[in-house]
Amino acid sequence: MAKTMSAQNIVTPTADDLAVSAQAASKQGPPPVHLWNPPFCGDLDIHIARDGNWSYQGSPISRAPLVRLFSSILKLEDGKYFLVTPVEKVGITVEDAPFVATDFEVSEEDGAQVLTFTTQVGDTSRAGVENPIRVSRDPGTGEPAPYIHIRRGLEALIDRKSFYRLVELGETAEIEGTEWFGLRSEGVFFPMIPAAELQGV
């Protein structure tokens, strides 16, 4: 009997099971995933591609509300991604970042420029101290890939069209003796690429 109960405790939930649990947990507002620490139930064949598209068992998840629901229970722990509810935690695979910033708005607050990004699932993030912009470089080509922090360690890859628009808003600043081209939001300067390399972008 004990073996049967143990086996039941480690059964990996299906995507439908997760959706039901997540829906129930989100009725009172944004799910407080940072407060949940349920047992690990194994890995689920959910994949987030670099372009932000979700798939389950190799098939695209085409229902936008379901993708938004799953994205609300994403959690990053020790470099790994999980979907978490109050009673279960499953591992998923993420090709790059779990979100893609598909657009941004420019505003002004107290005389300072503010950049507010929107992701493919409707999250918004104001670039600043709490939500920094960072840029990684491809080790082979040197091509920059910019990211914006969304929440609790989860980032969004800034898509190419938005990146080109951002370049038009850029400015240069000296950091430790090197001129950098970057962006400013909420009074914070985010270096993107050495100014001397800008023509190669």
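Modeller: A word on pLDDT before we start: it is the predictor's confidence in each residue, from 0 to 100. This is a predicted model, so local features need pLDDT of at least 70 and side-chain atom pairs count only at pLDDT 80 or more, while totals for chains, interfaces and linings use all residues. Residues are numbered from 1 along each chain as its sequence is written, and side-chain values use heavy atoms, with hydrogens and water left out.

Colleague: What does the chain average in pLDDT?

Modeller: The average is 90, and 93% of the residues score at least 70. Residues 1-8 fall below 50. That stretch has zero contacts in the model beyond near neighbours in sequence. Contact means heavy atoms within 4.5 Å.

Colleague: On to the sheet. In what order do the six strands of the open sheet come?

Modeller: The order is S3-S2-S1-S6-S5-S4, with mixed pairing. Strands are DSSP runs of E, at least two residues; helices are runs of H or I, at least four; both are numbered from the N terminus. Two strands pair if DSSP finds at least two bridges between them.

Colleague: Which strands stand at the edges?

Modeller: S3 (59-60) and S4 (74-77). Each has a single partner strand, so one side of each is left without a neighbour in the sheet.

Colleague: Which helix packs on the sheet?

Modeller: H3, residues 64-71, does. H3 touches S1, S2 (54-56), S4 and S5, and its direction makes about 95° with that of S2. Axes here are lines fitted to C-alpha atoms, for helices over the stretch in contact, and angles run from 0 to 180 degrees between N-to-C directions.

Colleague: And H2, which of its residues are buried?

Modeller: In H2 (residues 15-25) they are Ala15, Leu18, Ala19, Ser21, Ala22 and Ala25. Buried means under 20% relative accessible area, exposed over 50%, partly exposed in between, with a 1.4 Å probe and protein chains only. Those H2 residues pack against S1, S2, H3, S5 and S6.

Colleague: Switching to aromatics. How many pairs does a search of the whole structure find?

Modeller: Four. Rings of Phe, Tyr and Trp (its six-membered ring) pair if their centres lie within 6.5 Å; planes under 30 degrees apart are stacked, over 60 edge-to-face, the rest tilted. Phe40 and Phe82 are edge-to-face, 6.0 Å centre to centre with 85° between the planes. They link distant parts of the chain, 42 residues apart: Phe40 is in S1 (residues 40-48), Phe82 in S5 (residues 80-84).

Colleague: Is Phe82 buried or exposed?

Modeller: Phe82 counts as buried because its relative accessibility is 9%. Phe40 is partly exposed at 44%.

Colleague: What sits over the ring of Phe82?

Modeller: The charged end of Lys89, 4.6 Å from the ring centre. The test is NZ of Lys or CZ of Arg within 6 Å of the centre and within 35 degrees of the ring normal. Lys89 is also the bridge partner of Val84, in S6. S5 and S6 (residues 89-94) run antiparallel, joined by four bridges.

Colleague: Where does Arg134 lie?

Modeller: Over the face of Tyr147, 4.3 Å from the ring centre. Tyr147, in S11, is also the bridge partner of Arg134. S10 (residues 133-137) and S11 (residues 144-151) run antiparallel with five bridges. They form a hairpin with six residues between them, and Gly142 in the turn has a positive phi of about 80°.

Colleague: Where is Gln57?

Modeller: In the loop between S2 and S3. Gln57 is not a glycine, yet its phi is positive, near 55°. Gln57 is exposed, at 56% relative accessible area.
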